[in-house]
Amino acid sequence: MEKIESGKTMKRNIVFFLSILVSLIFIGFQSTVHAAENQSTNEISQVDHSGWIQVKAPAHIPILMYHSISKGNSLRLPEKKFRAQMEWLKDHGYYTLSAKEAYLVLTRDIKPAKKVVWLTFDDGYSDNYEKAYPILKKYGMKATISVIGRSYGKENHMGKRQLSELHSNGFSIASHTIHHLDLDTMSANAQYKEMIDSKKWLDRLFHQNTILLCYPAGRYNSNTIAMAKKAGYLMAITTEPGSASRTEGLYSLHRIRITPGMSLEGFGRIVQQANE
Ligand SMILES: [Zn+2]
């Protein structure tokens with residue numbers, strides 16, 4: 001009798017412990033799912049902005065537009081000139097923003113330093129890694145690279161190795177769509193496909209929530225803005241000139257085109273004015 005009883009008790013205990021174990025596994029699974037869901041929405045709020053200063057609303061920032069760091073045409077900037085500009089920024093106490101930090105500045109009117117600048121590079125050229133990166137690294141600066149899906153890893157363009165290194169050193173990776181087409185000539189659906197395919201690809205590739213879209217050739221229309229929002233981007237950059245603020249819309253942010261003909265004095269003046 002006693003033996004049967006203890007056998008029953010043991011069975012009951014096993015069932016009890018098994019159910020606890022199953023519950024624990026389930027809770028663990030649930031929290032993993034929730035963690036993944038919240039990750040994208042929390043990413044911005046995870047940026048440590050303690051000690052940032054409040055500025056007059058709406059905050060203005062210079063978003064500098066670079067392409068290739070080389071010679072040859074008006075879109076290319078020689079390395080020497082780029083180096084001089086970065087030295088100027090360093091000497092004048094500028095802080096270089098990440099995409100997430102820029103979002104906080106533009107939406108909350110707070111800045112990590114009095115003088116800030118957002119460096120953006122379009123198209124993902126290899127010379128960004130070979131020429132610009134060593135200079136930026138030396139000065140403790142970071143930038144945002146807008147990557148084109150179809151050019152990724154191709155001749156003269158960065159692939160996984162370079163972009164991953166930049167990413168793990170504080171650089172932001174943004175979308176420049178898959179095919180680099182003029183979005184304003186396309187249907188809303190076709191635009192959306194370019195944007196969502198690119199976002200999913202970059203999200204997966206860099207284990208991130210890609211918050212920034214860079215319109216190819218700066219071309220966009222009202223559909224573009226609606227589709228960018230729908231695809232889950234938090235903001236988009238154009239080629240319209242001027243300092244950036246949320247006044248012109250977070251999906252039509254203005255930028256300052258850096259041309260090889262620009263003098264260093266001119267560069268300094270424009271950056272300074274756009275930050276006020
Ligand atoms: Zn481009």
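This is a predicted model: local features need pLDDT of at least 70, side-chain atom pairs count only at pLDDT 80 or more; totals for chains, interfaces and linings use all residues.
Does Ala217 count as buried, exposed or partly exposed, and how many C-beta neighbours does Ala217 have inside 10 Å? Residues are numbered from 1 along each chain as its sequence is written.

View 1. Ala217 isn't a glycine, yet has a positive phi of about 55 degrees. Look for Ala217 in the loop between strand 8 (212-214) and helix 7; helices (H or I, at least four residues) and strands (E, at least two) are DSSP runs, numbered from the N terminus. With 13 C-beta neighbours inside 10 Å, Ala217 counts as partly exposed (buried takes 20 or more other C-beta atoms within 10 Å, exposed 12 or fewer, and partly exposed is in between, with C-beta atoms placed from the backbone). His180 also has a positive phi, near 55 degrees, and sits in the loop between strand 7 (172-175) and helix 6.

**View 2. Ile63 and its neighbours.** Ile63 belongs to strand 2 (residues 63-66). It's buried, because 22 other C-beta atoms lie within 10 Å. Leaving out residues up to four places away in sequence, Ile63 touches residues including Trp118, Ile237 and Leu253 (contact means C-beta atoms, placed from the backbone, within 7 Å).

**View 3. Helix 6 beside helix 7.** The axes of helix 6 (residues 188-206) and helix 7 (residues 222-230) come within 9 Å and cross at roughly 40 degrees. Axes here are lines fitted to C-alpha atoms, for helices over the stretch in contact, with angles from 0 to 180 degrees between N-to-C directions. The two helices are therefore oblique to each other (under 35 degrees is roughly parallel, over 145 roughly antiparallel, 65 to 115 roughly perpendicular, and the rest oblique). Among the residues that meet are Tyr192 and Met195 in helix 6, and Met227 and Ala228 in helix 7.

**View 4. A stretch to treat with care.** Mean pLDDT (the predictor's confidence in each residue, from 0 to 100) is 90 for the chain, and 85% of residues reach 70 or more. Over residues 29-40, though, pLDDT is below 50.

Technical notes
Two residues are in contact if their C-beta atoms, placed from the backbone, lie within 7 Å.
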